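Here are some exercises to work through with the model open beside you. Try each task before you read its solution.

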Amino acid sequence: MRTCSYLLAVLLCITTANAQSIGIGTATPSIKAALEIKSTTKGFLPPRMDSTAKKAITSPPPGLVIYNTSINGFECFNGIDWYSTVHFIGESYGGGIVFYVYDNGQHGLIAAPADLLDEPWYNGTPRITGSSGDGLAAGAMNTVMAVVMQVDASPGTFAAKKCADLKITMDGVTYGDWYLPSQYELNLLWLKKNVVGGFKNLDYWSSTEWSATDAVVQHFQYGTLNLLPKYYERPVRAIRAF
């Protein structure tokens, strides 16, 4: 009896405006929607599963939606692959590997998948380039300043220019907005070095300048910050923002 009463209550809450539209919690569902749910106290709860369970779904139809508990975000199958508007650390995306996210996964930082060749910080002439910025996204401006202020020096490559010249193509899209991370961004990268991978146990250049002759480095085995003369050749790992 209780089961019948429950089913009757559910059926009474579901109304049909026409043959195409069904409403739950509303007597006037939109004719533009096959299903409209209205509530001020409850939400819509889709199927929840981790990435392993998602991959076990055979032949998912285009448009299938789940909530992936491995990334804490919605995913939809587009007929070819699963995609999400929420990005997560360790994701292969935007030409590299995501190592930092904010704004609920809408924005973050991506590391190039491999080091560039060891390079000096400067291009042969000690000078102040104005690349002293630190913090999130500061590396992009530092890189611009370091390149602009040093391209007139003797021919050759240097850390910031190597990053600025980098182009990586992924899934048919070429990404060319790479830069040398600021001290702050380099530390974020070090914190996720095991997720990104491929690092040497050496000092890596940041784009944060200390003086005409020195710039900030971080050791990727110990995590220590230090100053090195700009003429030292050290590993470089480019990053970009999304």
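**Exercise 1: the largest pocket**

Which helix gives the most residues to the lining of the largest pocket? Keep in mind that the model is predicted.

Solution. Start with the extent of the site: the largest pocket has a volume of about 580 Å³, and 21 residues line it. Next, look towards its centre, where Asp81, Trp82, Tyr83, Glu91 and Ser92 lie nearest. Then go through the elements that give two or more residues to the lining: helix 2 (51-55), strand 7 (82-83), strand 8 (92-93) and strand 13 (173-175). Helix 2 gives the most, with three residues. To finish, sort the lining by class: eight residues are nonpolar, seven are polar and six are charged.

**Exercise 2: from the pocket to a sheet**

Now take the pairs in turn. Strand 8 is joined to strand 9 (residues 96-102) by two bridges, and serine 92 has isoleucine 97 in strand 9 as its bridge partner. The two strands form a hairpin with two residues between them. In that turn, glycine 94 has a positive phi of about 60°.

Move on to strand 9 and strand 10 (residues 107-111), which pair in the antiparallel sense over five bridges. Here tyrosine 100 stands opposite leucine 109. This hairpin has four residues between its strands, and aspartate 103 in the turn has a positive phi of about 55°.

**Exercise 3: the nonpolar cores**

Which residues of the largest nonpolar core touch the most other members?

Solution. This core holds 25 residues, and those touching the most other members are Trp121, Leu166, Trp178, Leu180, Trp205, Val236 and Ala238. Two or more residues come from each of helix 3 (138-148), helix 4 (159-164), strand 12 (168-170) and strand 15 (214-219). Helix 4 gives the most to this core, with three residues.

Now zoom in on leucine 166. Setting aside neighbours within four places in sequence, leucine 166 is in contact with Ala112, Leu116, Tyr175, Gly176, Trp178 and Ala238. Two of these partners, Trp178 and Ala238, are also on the list of residues that touch the most other core members.

Finally, look for a second, separate core: this one has 13 residues, including Ala111, Leu189, Val196 and Ile239.

Technical notes
Residues are numbered from 1 along each chain as its sequence is written. This is a predicted model: local features need pLDDT of at least 70, side-chain atom pairs count only at pLDDT 80 or more; totals for chains, interfaces and linings use all residues. Side-chain values use heavy atoms; hydrogens and water are left out. A nonpolar core is a set of buried Ala, Val, Leu, Ile, Met, Phe, Trp, Tyr and Cys residues joined through side-chain atoms within 4.5 Å. Buried means under 20% relative accessible area, exposed over 50%, partly exposed in between (1.4 Å probe, protein chains only). Contact means heavy atoms within 4.5 Å. On a 1 Å grid over the protein atoms alone, a cavity is a set of points where a 1.4 Å probe fits but cannot get out, and a pocket is an open set with protein on both sides within 12 Å along at least five of seven lines; lining residues have an atom within 4 Å of a point. Grid points are joined across faces, edges and corners, and a volume is the space filled by probe spheres set on the points. Ala, Val, Leu, Ile, Met, Phe, Trp, Tyr, Cys and Pro count as nonpolar, Asp, Glu, Lys and Arg as charged, and the others, Gly among them, as polar. Two strands pair if DSSP finds at least two bridges between them.
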